[in-house]
Amino acid sequence: MKFKFFAASVMLMACAISASAQVKLQADNVDAVLKAMTLEEKATLCIGYSRAQSTETGDMIGQHADLVPGAAGMTRPNERLGIPVTVLADGPAGIRIQPTRPGTTETFYATGFPVGTALACTWNQELVEEVGKSIGNEVLEYGADVLLAPGMNIHRSPLCGRNFEYYSEDPIVTGKIAAAYVRGIQSNNVGTSIKHFAANSQETNRTGVNEVVSQRALREIYLKGFEIAVKEGKPWTVMSSYNKLNGPLTQENRELLTTVLRDEWGFDGIVMTDWIGLRNTAAQIHAGNDLMEPGNQAQINDLIEKVKAGVIPESDVDACAKRILQYIVKTPRFKGYKFSNKPDLKAHAAVTRQSATEGMVLLKNNAETLPMKNVKTAAVFGITSYDFIAGGTGSGDVNKAYTVSMMEGLQNAGIKVTETLEDLYLKYKSYEEAKKAANGVGNRWGKSLLPEMEVSRVLIEKQAKEADIAIITLGRQAGEGSDRREVNDFNLSDVERQMIVDVCEAFHFQGKKAVVILNMGNVMETSSWKGMPDAILLAWQPGQEGGNSVADVLTGKANPSGKLTMTWPVALADVPSSQNFPNVLPAAPVNRRNPQPVQNTDYTLHKEGINIGYRYFNTNNIEVSYPFGYGMSYTTFSYSAPVVKATKDGFTASIKVTNTGKVAGKEAVQLYVSAPAGGLEKPAQELKAFAKTRELKPGESQTLTMNVTAYDLASFNEATQCWESPVGNYTVKFGASCEDIRATGTFKLAKPFSEKCHDVLKPDMAL
C-alpha cells in the first residue's frame, strides 16, 4: 500500500514537472509561468546583466551579448519558460548605442536630439511628445525595449553636473514635460525609465551621500514631478537613484518605492536600480526594486541564500518576478518585432533642427540686433564656435554621425566666416585635440571642452573692420559623475572675459554689433558682462544640427520662443542651496568611476526646504540676472480677456493671446497662483499650469485654457500628513515670466481640501 502511494506521488510530481516544463510565457499566463518557476529562476529574472557579465552563466546568455552593442543592460532570458531577453539603453537625448560593429562596414548612428533643458524651455508639451516619438522610433528600430530616460531631477543648484539632462527647478514643468516625453517614446510600444528616483540633485559622492530633506520639500518639490509623470505619462519603469534619502539608500527604501510610488500613486510598472553592483539584494527586493542592474551572478547567489536563510520571504521575490514578467510581455522583443536597424535618421535630423530652435532663449536683443540684417560676413570668435557641443557627457551622450558647428551653420545659411579667424581656430582645435590624444584623453563619455584660445586685440580690431558683425560662442560642458566648478565654469574665465570686452569694444567702435551665443546645458553667471554685447542667445546644447538651428534663429528663419525653466542668479552665493552644496571642487575633474569627495560629502542638508529657484527669489525680492520663465521674441504679444471659472474640483483659467508684432511667433503663458492667508506659509506665488500658443501670424489671436485642481493648489502639512488647500480667495496670474504678470483673476475655494498620506520618509538628521 505504501509502495502504491509512493509510486502515485512520484507520478504526480513527474506530471507537475512535465506540465511546468510545457508552460511558455504568453501575454495572459503570467501567473502560470510564475508558479512554474523555481526559486533560482525567479532570482535570476530579478538580476539583470550587461555584456561584461554576458558569458558568466554559459552560452545561452553569451549569445545575447551583442543584440544591441553599446546598450546599457538587459534582463535575463529563460529558454525553458519562453522568456526572452529584453534590452535597456541610455539615454535622454537619444538612444546611446555603439555606432560601429565588428564584421560590418555599416554604421548604426543615432540622432543627437536637444538636451533636457532645451526641450523643457520650449514649454511645449505637444512638441516634446513629437520629439519623443522620433527618439522612440530609433529605440524600436535599433532593437531596444526600454530607453533609460527621461532624467527629471530638480535643479537645486546650477552646479549639478547633470542638470543638462533634467528639466527645471520647478516640479510642474518637470512633471508635465517628462510626461509628454514618456508618451511620445511609448507611442512606439517601447518603454521608458524615469529617473533618478529620488532627490539625486548632485553628482558628488552620488552613490553614498545622504540627501536629508524635509517631508514637505520632498512631497512638494522633489517627488511632485515624478508623481505627475507617473500619473500622466504612465512609464513602464522607474529607476531608483544611487543616493541615500533621509537615511536609507533609495534602492532599499520600501517607503519610497512601495508606499509612495505604488500605494499612493498607483504605479504598476517595474522599478530598476541605477547601474551599481552588489548592495543588499534582499533589502532592494523587499523595498520593491524589481530589477538589479547591470547585474551579476553574485547578486543571484546572494538573493537565493537570503531567501533560504529566511532573511526575506520568497513572496517578495514572487512580487518582483511577476512585475518583470508583466513588463516583458509588453516588449517588442517578446512580441517578435523585426527591427530594421535603419531608422529614418534624415527625418529625425529635421526634427531635432526645428525643435532646438523653439527651446532657444533670447536673453537680450538691443535695437533689434537679431535677426541679423544685411550681414554678409561674420567674425566668429570662441573655440566652441568651431567645436560645437551638441550634448552633455556620460550616459546622456549620443553617438551621432556628425555635429554641425556654428561656423558650418552660418556658412550653410549663406553667411561668410572671416578666413583669418576660421584658419586660426581650426589650427588651434587640431593642436588641442592632438595634445589630448597624446595624453591619452579620450571621448568615451562625450565631447570634452577645449580650452579657450586667446585672441590679440590687434587681430580683433582688424576683424572689426573686415566683418559686418561679431559672434562670440561661449561653451560649457558637464556630465555624469562630477559636479561643475564655480571658477572658470559657472563664472567666466579671464580669457573669456577679455575676449568679450575686446570684441565688443572693437566692433562698437566701428559702429557694428556683437552677439554672444551660449552653448551649454546649464546656468552660468551673466550679470557682470551681459551689458556689453548687443544680443545674447541661449542656444543650450541643441543636438547634432546645432549650428544650423542657431543660424536659423540668427537669420530669422525661426523665431525663438523658448523661456527659462530655471532662474539665472546674479551670483552663485545668491542660490540658497549654495550653503549646503559640495560646490568647492578640485581644479581637475574627478574620475567618474571613482569620485573623490573634496569636503564632507557624507550628507547634504536641504536646509532651504521648498525655497528653490523662483519660489525663493520672488518671495524675498532678491534681484536675479534672468528670472524664471523669461524669454524674448522677435515679435510681441498682448494678453487679454482673462477668465477664471470654478469647476467641481478646482478651476479653469483662460487667456487670449494676440501677436501684436510684425512676424509670426509662439508665446508660452505661465499660470501662477498666490494662496490666501490662513494656511501653511507659502511662497509669494507658485507655477500651477502652463500652455503655449501655436505659431500666430501678426494680428492673430488664440485663447489658451489651463486646468487647476484643489489638489494642485495644496501644500503638504507635516503635522497632519495631509495635502491641504485652505479656503479663501486665490489670486490667479497669467505671466510671460514670473516677474512679468500680464493679467490676473480670482478663484474662491469654498471648502477646504485635504488628502491624507502615509507618514513616511522622515529625515534622519535635524534640518
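Q: Contact means heavy atoms within 4.5 Å. With that cut-off in hand, which elements do the buried residues of α6 pack against?
A: Happy to start there, with a reminder that this is a predicted model. The buried residues of α6 pack against α5 (116-120), β3 (146-147), α7 (171-186), α14 (345-359) and β21 (686-692).

Q: What makes α6 "mostly covered"?
A: A residue counts as buried when its relative accessible area is under 20%. Twelve of the 17 residues of α6 are buried. They are Q125, L127, V128, V131, G132, S134, I135, G136, E138, V139, L140 and E141.

Q: How do you know that the reach of α6 is close to what is expected?
A: The expected span of a helix is 1.5 Å times one less than its number of residues. For the 17 residues of α6 (125-141), that gives 24 Å, and the helix reaches 24 Å from its first C-alpha to its last.

Q: What caps the N-terminal end of α6, and what is the phi of G143, which follows α6?
A: N124 is the cap: one of its side-chain oxygens lies 3.2 Å from the backbone nitrogen of E126. After the helix comes G143, with a positive phi near 85°.

Q: Why does the span of helix α20 agree with what it should be?
A: Its 16 residues (494-509) should span 22 Å at 1.5 Å a residue, and the end C-alpha atoms are 22 Å apart, so the two values agree. G511 follows α20, and its phi is positive, near 75°.

Q: Which residues of α20 are buried, and what covers them?
A: The buried ones are E496, M499, I500, D502, V503, C504, A506 and F507. Their cover includes β10 (377-381), α17 (419-438), α18 (457-466), β12 (469-475) and β13 (513-519).

Q: Why does T473 count as buried?
A: T473 belongs to strand β12. Its relative accessibility is 0%, so it falls under the 20% cut-off and counts as buried. Leaving aside neighbours within four places in sequence, T473 has contacts that include F381, M406, E452 and I517.

Q: What makes the approach of T473 to S385 a polar contact?
A: The cut-off for a pair of N or O atoms is 3.5 Å. The side chains of T473 and S385 make their polar contact at 2.7 Å, and S385 is also on the contact list of T473.

Q: How do you know that H196 is buried?
A: H196, found in strand β4 (191-197), has a relative accessible area of 1%, which is why it is called buried when the limit is under 20%. Its side chain makes a polar contact with that of Y166 at 3.1 Å. Beyond four places in sequence, H196 is in contact with N153, R162, Y166, F226, M239, S241 and D274.

Q: Why is strand β20 described as largely enclosed?
A: Seven of the seven residues of β20 (668-674) are buried, so the rest of the structure largely encloses this strand. Both faces are covered: A668, Q670, Y672 and S674 are buried on one side, and V669, L671 and V673 on the other.

Q: What makes β20 a partner of β21 and of β25?
A: Strands pair if there are at least two bridges between them. Six bridges join β20 to β21 in antiparallel fashion, with F690 of β21 as the bridge partner of Q670. Another five bridges join β20 to β25 (728-737), again running antiparallel, and S674 stands opposite T731 in β25.

Q: Which strands form the open sheet with parallel pairing, and why are β7 and β16 at its edges?
A: The order is β7-β5-β16. β7 (244-245) and β16 (603-605) each have a single partner strand, so one side of each lacks a neighbour in the sheet.

Q: How do you know that the chain agrees with a compact globule?
A: A compact globule of 767 residues would have a radius of gyration near 27 Å, and the chain has 27 Å, so the values agree. Of those residues, 62% count as buried. The chain holds 23 helices and 27 strands, and its C-alpha atoms fill a box of roughly 110 × 70 × 50 Å along the principal axes.

Key. Residues numbered from 1 in each chain as written. Predicted model: local features only at pLDDT ≥ 70, side-chain atom pairs only at ≥ 80, totals over all residues. Heavy atoms only, no water. Helix = DSSP H or I, 4+ residues; strand = E, 2+ residues; numbered from the N terminus. Buried < 20%, exposed > 50% of the residue type's maximum accessible area, 1.4 Å probe, protein only. Polar contact = N/O pair within 3.5 Å; in protein donor to acceptor, adjacent residues only side chain to side chain. Rg over C-alpha atoms; globule rule 2.2 N^0.38 Å.
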